[in-house]
Every structure is written in structure tokens, then in C-alpha cells.
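Subject: Structure handover

Hello,

Here is the structure for you to look through. My notes on it follow below.

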Amino acid sequence: MPLPPVPARRALRALPAALALAGVASGLTACAGAEADVPPGKTVVVASIYPVAWLAEKVGGDDVFVRTLTEPGTEPHDLELTTRKAAAVVDADFAVHVGGVQPAVDDAVRRHAKQNSLDAATVVKTLPPPDETDDAEAHDGVRHEESDHDPHIWLDPTRMATVATVLGDRLADTDPAHASRYRERAAATAAELAALDRGFRAGLAACARREIITAHAAFGYLADRYGLRQTPVAGVDPGAEPTPRRLADLTRRVSATGATTIFTETLVSPKVAESLARAAGVRTAVLDPIEGIEDGSSDDYLTIMQRNLRTLRPALECT
């Protein structure tokens, strides 16, 4: 069945979202204006963060229009769901997110798009959340609310391949007219991710060391898949400041493991990791958790993961 004209359909569906979430006419106008730019005939997919937005674009191809709730170059853990973004969840044909990264998004999807959404963390085997890296002093005496699992599933290509396959099926259900195209693109994407996995397995098979000391606890799935051990400076929240005691413990651990590199990352300040590296007498290198990319970047998920592998191999002295 052909889709009705997009602007009218979106304006009608945006109405309850704006009323519920804003309660004022100005919110309605802003939301409708944003949706008016959607090309006619496209299935609109709203994605919480870059990795699943990348998957939606790969699997959806020319049949979808993807909106990402997290702005390019911003740290996704700190996302505030504005009225426009919250209404966009309701207004979309389909929503894809990773439960546990952004509680506000999880809540909006649960309330307004439960029947037309995919939580990527529900279709793969998840790992438990990382152990606390320090006592309450590390968070100024306040414990941050945590998920019941480690949400960084996208750093394992095999889990991403599973999500791609499921996403293809779900988009096929949402837009049956193009079902075969979604499933074909999902299979092709899963094959690309399988090739990426083979590259990581071969590249990290024989290494002098297996421990990676990272800026925050984002690499648990990568470590789990490829037999590494992650020691994070901060926990799941990359903005958490470790205490002097924690930094002293880490300095001793760097010495004990013979690590040559402390891994910093994009989107958050490297100052703490650089301070640790100076104290331990080692270098730093960027290991990207792919929580977002800079606006206008020519990189994508695959190229960033390949660069991560090139960064890991010399740091771990792999042959």
C-alpha cells in the first residue's frame, strides 16, 4: 500500500507528542517544521546514537530517512531530550536505540514507540555492567544510576551483525513494500561486519600483552570478543573524575602489566588519561568508542573500527 503524503501524516502524528511533552503551541510549530523536510515516501527512522544510526542507514538504504537524536560531536551519555527530539520519537515510523546508554531515550521509546522500535541490547547477549572503578568519592559522593548491563554492544562486530539482521526484519515488517530490499541490505551489512570480525581476530591473535587501559569502561565487549582485559580509568560515565587513590592504583597497575599505552578517546577530555600516562611514564593513543563522530567527518563505523585495530596492535605488540 502506498504511503500517504508525508508532511500531513507526520504533522498529525506529531500532535499528541507535542501536547504531551510540551503543552504549548510553540513546541508544535517547531516539531512540525522539522518534520516537513522529510522526503515523501520515506520510512522515517529515529536513532538514539551514531552506531545504530549507521546501521539504520546501511540496512534502510534509500528507503529510509534517518534522524539521530544525539548531535554530531557531542557526548551521548549527557543527552538531554528536548521537546523536539522527544516528539520526533513519536513522529517516526520506527525507533532504534541501545537501552542503558540514554535513560531519557529509553523512557521516550517505552512510552511512545514501544510497538515500533528495536532496543539493540535486547537481541544480543549482554555483559554485566563494569565493576565500580572507585568508591563514592569518585563521583563526589553520588552514585550514578546504572543499567543492569554494559550498553556498549556496538564495539563487538558480531553483536552488531546480529542487530543488523534483526533490524532488517523489523524494517521489513514496518515497510512491507520494500521488505526484500531491507533483508538484502541487512545480509550485506552483516557480511561486512563478519569480515571486520575476522580482521580483529587475526590482528589480535598473537600479542605480547592482553590488557588495555582505557579512558572509560566502553570496551568490555571488544575485550570479551578478542580475549583482552579492560582496565578503565573511569566507569561507564566518561565524565566521572577518578580520585587520587584510583590514579595511584592505576599507575601501579600500568607498571605491573608492562603496559606501554594509556588509551584516550574522542568526545571527552584526555586530561586525566594524559596525567596518568605522565605519572606512569608511558604514551597515549586514541581508541575510539564510536559513541559519535564529528560533523562532516568522512569516517564511518567500519573505518573507525579498523583504525582502532591499527592502534591496538602496536600498543599490545601484536605480530
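L267 is partly exposed, because its relative accessibility is 25%. Do bear in mind that the model is predicted. L267 sits in the loop between β7 and α10 (271–280). Its phi is positive, about 75°, although L267 is not a glycine. For context, most residues other than glycine have a negative phi.

I290 is another such case: its phi is near 55°, again positive in a residue other than glycine. I290 belongs to the loop between β8 and α11. Is I290 buried or exposed? I290 counts as buried, because its relative accessibility is 0%.

The loop between β8 and α11 also holds E294. E294 has 49% relative accessibility and therefore counts as partly exposed; the cut-off for exposed is over 50%. Leaving aside residues up to four places away in sequence, E294 touches P72, G73 and L267. That brings us back to L267, the residue with a phi of about 75°. E294 and T266 are 28 residues apart along the chain, and 9.2 Å separates their C-alpha atoms.

The overall picture

The protein has 11 helices and eight strands. Of its 319 residues, 50% are buried. Take the contacts with a separation of 6 or more: 63% of them are between residues 24 or more positions apart.

The sheet

Four strands make an open sheet in the order β6-β5-β7-β8, and the pairing is parallel. Which strands are at the edges? They are β6 (229–234) and β8 (283–286), each of which pairs on one side only. From one strand to the next, the twist averages 35°. α11 packs on this sheet and touches β5, β7 and β8. The direction of α11 makes about 160° with that of β8.

Now β5. It is mostly covered, with six of its six residues buried. β5 and β6 run parallel and are joined by five bridges. H216 stands opposite A234 in β6. With strand β7 (residues 261–264), β5 pairs in the parallel sense over two bridges. There, I213 has I262 of β7 as its bridge partner.

Helix packing

How do α6 and α7 lie relative to each other? Helix α6 (residues 157–174) and helix α7 (residues 179–203) pack at an angle of about 180°. Their axes are 8 Å apart. The two helices are therefore roughly antiparallel, since angles over 145 degrees count as such. On the α6 side, the contact includes P157, M160, A161, A164 and L171.

Helix α4 (residues 83–91) is mostly covered: seven of its nine residues are buried. The buried ones are K85, A86, A87, A88, V89, V90 and D91.

The disulfide

How many disulfides does the structure hold? There is one. C207 and C318 form it, with their sulfur atoms 2.0 Å apart. The link is right-handed, with 100° about the S-S bond. It joins distant parts of the chain, 111 residues apart. C207 is in the loop between α7 and β5 (211–216), and C318 is in the segment after α11 (301–315). Both C207 and C318 are buried.

Best wishes

Key. Residues are numbered from 1 along each chain as its sequence is written. This is a predicted model: local features need pLDDT of at least 70, side-chain atom pairs count only at pLDDT 80 or more; totals for chains, interfaces and linings use all residues. Side-chain values use heavy atoms; hydrogens and water are left out. Axes are lines fitted to C-alpha atoms, for helices over the stretch in contact, and angles run from 0 to 180 degrees between N-to-C directions. Angles under 35 degrees count as roughly parallel, over 145 as roughly antiparallel, 65 to 115 as roughly perpendicular and the rest as oblique. Contact means heavy atoms within 4.5 Å. A disulfide is a pair of cysteine sulfur atoms within 2.5 Å. Buried means under 20% relative accessible area, exposed over 50%, partly exposed in between (1.4 Å probe, protein chains only). Two strands pair if DSSP finds at least two bridges between them.
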